[in-house]
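Please load the model in a viewer and keep the selection panel open. The stops below are meant to be followed in order.

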Amino acid sequence: MTMAEEDEELKQIPFAFATRSYMGREDFMVAPCNHEAFKMIDIWPDWLAQGLIIYGPKGCGKSHLAHLFADKVKSAADRPVKVSLIDASRVNLRNVNKISNENQSIVIENLTPKSNLEALFHLFNMYNVSGRYMLWTSETAPSRMALPLKDLQSRLNMLPSVEIKEPDDIMLQTLIVKLFNDRQILISPDIPAYIVNNAPRSFAFIEQLVEECDNISLAYQSAVNYTVVRKALDVIAQNNNRQPDLFDGLF
């Protein structure tokens, strides 16, 4: 079989392998880029307000910190309580009361100007009271979003906010090892350094690359080596340069 034939066969192989993300406190990698955000979660409930905003690029660990926050709130309660992680896109005026009634504290993830801002404004007021807490996450600082609903904008501006920045080389190498471990993939010690030297310094890109390496290694029944990493980089580059077609977003 030629390489072209192998590539075509690879495209046709369906992959449905579960990946386990380890979300415990001991699994969070503290580095200069996220130390302040981690510290803020760690010192809860000694916050100066009823809420906190964590913002940063996709894949930087915001959801991991959100899980740590939820675990802390639940473990500190003297009775069983619920703390849900809810995407901002799922909040609307029909369910805000239900969300508030069911959750002692709340995490609202992925806030954007396209969210239902009126519903989020009501939810903010429901949790801006003593004994209840809220954690908000977004890719951009809410203060720079220029939200159309000024009432919500002003309230979010009152909350402390902390940024997670793009990682340095050491953080990236540690992240690469963790992401492969999450997929139960053993790699040689030189692979993380090779990836860092040949890939953008981006949380999101590294997640995409690890997933592509996993797919390729499974398709070719190969360990993750230099060849697999180079192939994964080529596939991502080709996908990023591909012109969108009429079927994009339909499947």
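Where is the place of S202? S202 lies in the loop between α8 (190-198) and α9 (203-219); helices (H or I, at least four residues) and strands (E, at least two) are DSSP runs, numbered from the N terminus. This is a predicted model, in which local features need pLDDT of at least 70, side-chain atom pairs count only at pLDDT 80 or more, and totals for chains, interfaces and linings use all residues. Residues are numbered from 1 along each chain as its sequence is written, and side-chain values use heavy atoms, with hydrogens and water left out.

Stay on S202. Its relative accessible area is 16%, so S202 is buried (under 20% relative accessible area; exposed is over 50%, partly exposed in between; 1.4 Å probe, protein chains only). The S202 side chain reaches the backbone nitrogen of F205 at 3.2 Å. Leaving aside residues up to four places away in sequence, S202 touches E166 and L172 (contact means heavy atoms within 4.5 Å).

Next, select I41, I54, L65, F69, I195, I206 and L209. These residues have the most contacts inside the largest nonpolar core, which has 51 residues. A nonpolar core is a set of buried Ala, Val, Leu, Ile, Met, Phe, Trp, Tyr and Cys residues joined through side-chain atoms within 4.5 Å. The largest share of this core, seven residues, comes from α9. Around I41, residues up to four places away in sequence not counted, the contacts include W47, L135 and K72. A second, separate core of 24 residues includes V91, Y127, L147 and L156.

Now colour the strands. Five of them form an open sheet in the order β2-β3-β4-β1-β5, with parallel pairing (two strands pair if DSSP finds at least two bridges between them). β2 (83-87) and β5 (161-163) stand at the edges with a single partner strand each, so one side of each has no neighbour in the sheet. Further in, β1 is joined to β4 (residues 134-138) by five bridges.

How many disulfides does the structure hold? It holds zero, a disulfide being a pair of cysteine sulfur atoms within 2.5 Å. The closest cysteine sulfur to that of C33 is in C60, 8.0 Å away, which is too far for a bond. Both cysteines count as buried: C33 has 11% relative accessibility, and C60 has 4%.

Note on methods: A polar contact is a pair of N or O atoms within 3.5 Å; within protein, one must be able to donate a hydrogen and the other to accept it, and residues adjacent in sequence count only if both atoms are side-chain atoms.
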